[in-house]
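Here is a short briefing on one protein chain. Please keep the sequence and the 3D view open as you read.

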Amino acid sequence: MTTSTVSLKTFLAAAKEALAAPPSQRPLPLTFVVGNESADLDSLCSAVVLAYIRSHISPQRLHIPLSNLPREDLSLRIELGPVLAKADLEISDLITLSELPQQLEPNDTEWVLVDHNVLTGSLKKFERRIVGCIDHHVDEGIVGVQATPRVIETCGSCMSLVVDAHADAWRSLAHGTQLTGAATSISKDLNQLAQVALAPILVDTINLTSDHKVRPKDRRAAQLLETELMQDPDFDQRAYYDAVTAAKEDLSQLGLRDILRKDYKEWVDAGVKLGISCAVQDLDFLLEKATATGNGSGQDVLLRELRSWAGEQALDVASIMTTSNPGGKFQRHLLVWGLTDGGRKAVERFTEESSEKLKLAPLNGGVLDEKGIRYAWSQLALDASRKQVAPLLRDAMTWAGANL
């Protein structure tokens, strides 16, 4: 293990160079660290930080952090701005699916997953090349027991698991900083890395105040980053959290389609396909934005946009999940829409099986509802995020597929 650090900018430039090299000059296998397809702050930052740390642990094996989205979609991740700024980075420094070589053979690669444990979409063909995983979602049994690391457990932020699993490596970096003669530049690199790592932990746990999200490893990781690794007397945790959260919640410049695709994940079970779009403003906000287009009533415009997006993705079930804090009170909204026979059966089953569990109450007098087809609710079980709701919908899809 080395005891020196390089800046994140230098590290990402080296990873880009290795990826862009002619096939005959590439280091094989290419080892990727990739987050999930929703490419939220936790996934994006976890991939970068884990790739950096593992490259530090094994200098002979460069780990390439991959943002699991096309280059053009990175501009939707407004919350990246204040985080990247902490490390003197630009969005252009990140590596996306657009930079993957056109003809990349699975046998020439290895994959470490963060913030998910199943490869999907265009990356699914690399599934048998998974060699490691750190995730806080439900274990789907795809990652083999021989994977190293293999950490799949509940936690507020996946980044917390990344930091905790490599706590010794973090301390090695700090120890190396203290031993070198160039302490000023080295400590700046480490401080930048720690602040990038801290951002998703704070955001995903509401600045470590959410009782139903925070786990011991979240607190332990945050403490390690702040007390042992940061050397910035001017760092203000609350101000940092507020800046990132404000950027994340600013959907004012995005159209409805962009909001639907910004934080989107999909699954297929028993031939039924589900897509869930998460938004950090409530359904009332989306209805107001739809009304402002002047193309019809808010309900009509929102449903038209959602149907169009569902058509692009060939969905049987389309869903929107929202989080918001009106008046400082945290709330969740949930919309599900069955668009095909299988989708409608799944929605009916989900409604029957999960309404009580999720404490679902009709939203706005059922203005978006169509009996047996589409429902919008206030979700009063506030601890159930997409990580908990998606498996319930998928169970209903499996039942529906078997009963078509």
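This is a predicted model: local features need pLDDT of at least 70, side-chain atom pairs count only at pLDDT 80 or more; totals for chains, interfaces and linings use all residues.

The chain is divided into two domains, domain 1 (8-247) and domain 2 (256-402). The largest pocket has a volume of about 1000 Å³, and the second largest pocket holds about 540 Å³. Both domains give residues to the lining of the second largest pocket, so this pocket lies between them.

**Domains and their interface**

- The C-alpha centres of domain 1 and domain 2 are 29 Å apart.
- Contact between the domains involves 14 residues of domain 1 and 16 residues of domain 2.
- About 1300 Å² of area is buried between domain 1 and domain 2. Carbon and sulfur atoms give 50% of that area.
- An unreviewed UniProt entry lists residues 241-397 as "domain: DHHA2".
- In the model, residues 241-397 are 46% helix and 25% strand. The end C-alpha atoms of this span lie 37 Å apart.

**Largest pocket**

- The lining of the largest pocket counts 45 residues. Closest to the pocket centre are Asp-204, Lys-213, Lys-248, Thr-323 and Ser-385.
- Domain 1 and domain 2 each contribute at least three residues to this lining.
- Several helices supply at least two lining residues each, among them helix 2 (41-57), helix 6 (183-204) and helix 8 (237-249). Helix 9 (256-262) and helix 13 (386-402) also supply at least two each.
- Strand 7 (272-279) and strand 8 (317-324) each give at least two residues to the lining of the largest pocket as well.
- By class, the lining of the largest pocket has 17 charged, 15 polar and 13 nonpolar residues.

**Second largest pocket**

- The second largest pocket is lined by 25 residues. Nearest its centre lie Val-118, Glu-140, Glu-266, Trp-267 and Arg-394.
- Strand 6 (264-269) and helix 13 each supply at least two residues of this lining.
- The lining of the second largest pocket divides into 12 charged, 8 nonpolar and 5 polar residues.

- How many cavities of 30 Å³ or more does the structure hold? There is 1.
- The largest cavity has a volume of about 70 Å³.
- Residues lining the largest cavity include Leu-12, Leu-44, Cys-45, Val-48 and Ser-67. Leu-80, Leu-84, Leu-89, Leu-94 and Val-196 also line the largest cavity.
- Helix 2 gives the most to the lining of the largest cavity, with 3 residues. Helix 3 (80-85) supplies at least two.
- Which classes make up the lining of the largest cavity? The lining has 9 nonpolar residues, 1 polar residue and no charged residues.

**Backbone details**

- A cis peptide bond joins Leu-28 and Pro-29, with omega of about -5°. Pro-29 sits in the loop between helix 1 (8-20) and strand 1 (30-34).
- The peptide bond from Thr-148 to Pro-149 is cis, with omega near 0°. Pro-149 is placed in the loop between strand 4 (130-135) and strand 5 (150-152).
- Ala-39 is not a glycine, yet Ala-39 has a positive phi of about 50°. The loop between strand 1 and helix 2 holds Ala-39.

Notes:
Residues are numbered from 1 along each chain as its sequence is written. Side-chain values use heavy atoms; hydrogens and water are left out. On a 1 Å grid over the protein atoms alone, a cavity is a set of points where a 1.4 Å probe fits but cannot get out, and a pocket is an open set with protein on both sides within 12 Å along at least five of seven lines; lining residues have an atom within 4 Å of a point. Grid points are joined across faces, edges and corners, and a volume is the space filled by probe spheres set on the points. Helices (H or I, at least four residues) and strands (E, at least two) are DSSP runs, numbered from the N terminus. Ala, Val, Leu, Ile, Met, Phe, Trp, Tyr, Cys and Pro count as nonpolar, Asp, Glu, Lys and Arg as charged, and the others, Gly among them, as polar. Domain bounds come from an automatic or database domain assignment. UniProt positions are given in the numbering used here, feature names are shortened, and annotations may be inferred rather than shown by experiment. Contact means heavy atoms within 4.5 Å. Buried area is the accessible area (1.4 Å probe) that two parts lose on being put together, summed over both.
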